[in-house]
Amino acid sequence: MRTYQLTAKSDVYSFGILLVEILTGRRPVEAKKPHDERITVRWAFDKYNEGKVLELVDPKARERVDDKILKKMFSLAFQCAAPTRKERPDMEAVGKQLWAIRSTYLRRSVEQK
């Protein structure tokens, strides 16, 4: 049910969309793309489910990030952008997941040196 009221879960949704935009380097709607690629979050979700995470990453991104980290980031983004409020985590849970992803990223960076 759409209430058109802003809530904490609306902020979580917006954060999920923003995260997808940052990771892919795309706008929410890409009018010049083929029909099945126009809505970025749907396009990204489909690619993610096909196991094509590396195809989602912004081609202008300079740093190579581990596939597992990318999967975690996209997973978090899709959890936040879930269609219904009940399916979305609260912002505290989002923060905890981000810190966990950051810790994993830092640990792997040290291991690779």
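Which residues in helix 3 meet which residues in helix 4?

1. **Basis of the note.** The model is predicted: local features require pLDDT of at least 70 and side-chain atom pairs count only at pLDDT 80 or more, whereas totals for chains, interfaces and linings use all residues. Residues are numbered from 1 along each chain as its sequence is written, and side-chain values use heavy atoms, with hydrogens and water left out.

2. **Helix 3 against helix 4.** On the helix 3 side, K68, I69, K72, M73, L76, Q79 and C80 are in contact (heavy atoms within 4.5 Å) with V94, Q97, L98, I101, T104, Y105 and R108 of helix 4. By class, this contact comprises eight nonpolar, three polar and three charged residues. Here Ala, Val, Leu, Ile, Met, Phe, Trp, Tyr, Cys and Pro count as nonpolar, Asp, Glu, Lys and Arg as charged, and the others, Gly among them, as polar. Helices are DSSP runs of H or I with at least four residues, numbered from the N terminus.

3. **Geometry of that pair.** The axes of helix 3 and helix 4 come within 10 Å and cross at roughly 170°. Axes are lines fitted to C-alpha atoms, for helices over the stretch in contact, with angles from 0 to 180 degrees between N-to-C directions. The two helices are therefore roughly antiparallel (an angle over 145 degrees).

4. **Nonpolar core.** The largest nonpolar core has 18 residues, and those with the most contacts inside it are L19, A44, M73, F74 and L76. Such a core is a set of buried Ala, Val, Leu, Ile, Met, Phe, Trp, Tyr and Cys residues joined through side-chain atoms within 4.5 Å; buried means under 20% relative accessible area and exposed over 50%, with a 1.4 Å probe and protein chains only. Helix 1 (8-24), helix 2, helix 3 and helix 4 (91-112) each give two or more residues to this core. Helix 3 gives the most, with eight residues.

5. **Helix 3 in detail.** I69, L70, M73, F74, L76, A77, F78 and C80 are the buried residues of helix 3, and they pack against helix 1, helix 2 and helix 4. Leaving aside neighbours within four places in sequence, F74 is in contact with L23, T24, Y48, V53 and L56. The 14 residues of helix 3 should span 20 Å at 1.5 Å a residue, and its end C-alpha atoms are 20 Å apart, which agrees. The expected span is 1.5 Å times one less than the number of residues.

6. **Helix 1.** The buried residues here are S10, V12, G16, I17, L19, V20, L23 and T24; they pack against helix 2, helix 3 and helix 4. S10 has a relative accessible area of 15% and is therefore buried. Helix 1 is followed by G25, whose phi is positive, near 75°.

7. K47 lies in helix 2 and counts as buried because its relative accessibility is 18%. Leaving aside neighbours within four places in sequence, K47 is in contact with K52, V53, E55 and L56. G51, in the loop between helix 2 (40-49) and helix 3 (67-80), is exposed, with a relative accessible area of 56%. The C-alpha atoms of G51 and K71, 20 residues apart along the chain, are separated by 9.2 Å.

Note on methods. Parallel < 35°, antiparallel > 145°, perpendicular 65-115°, else oblique.
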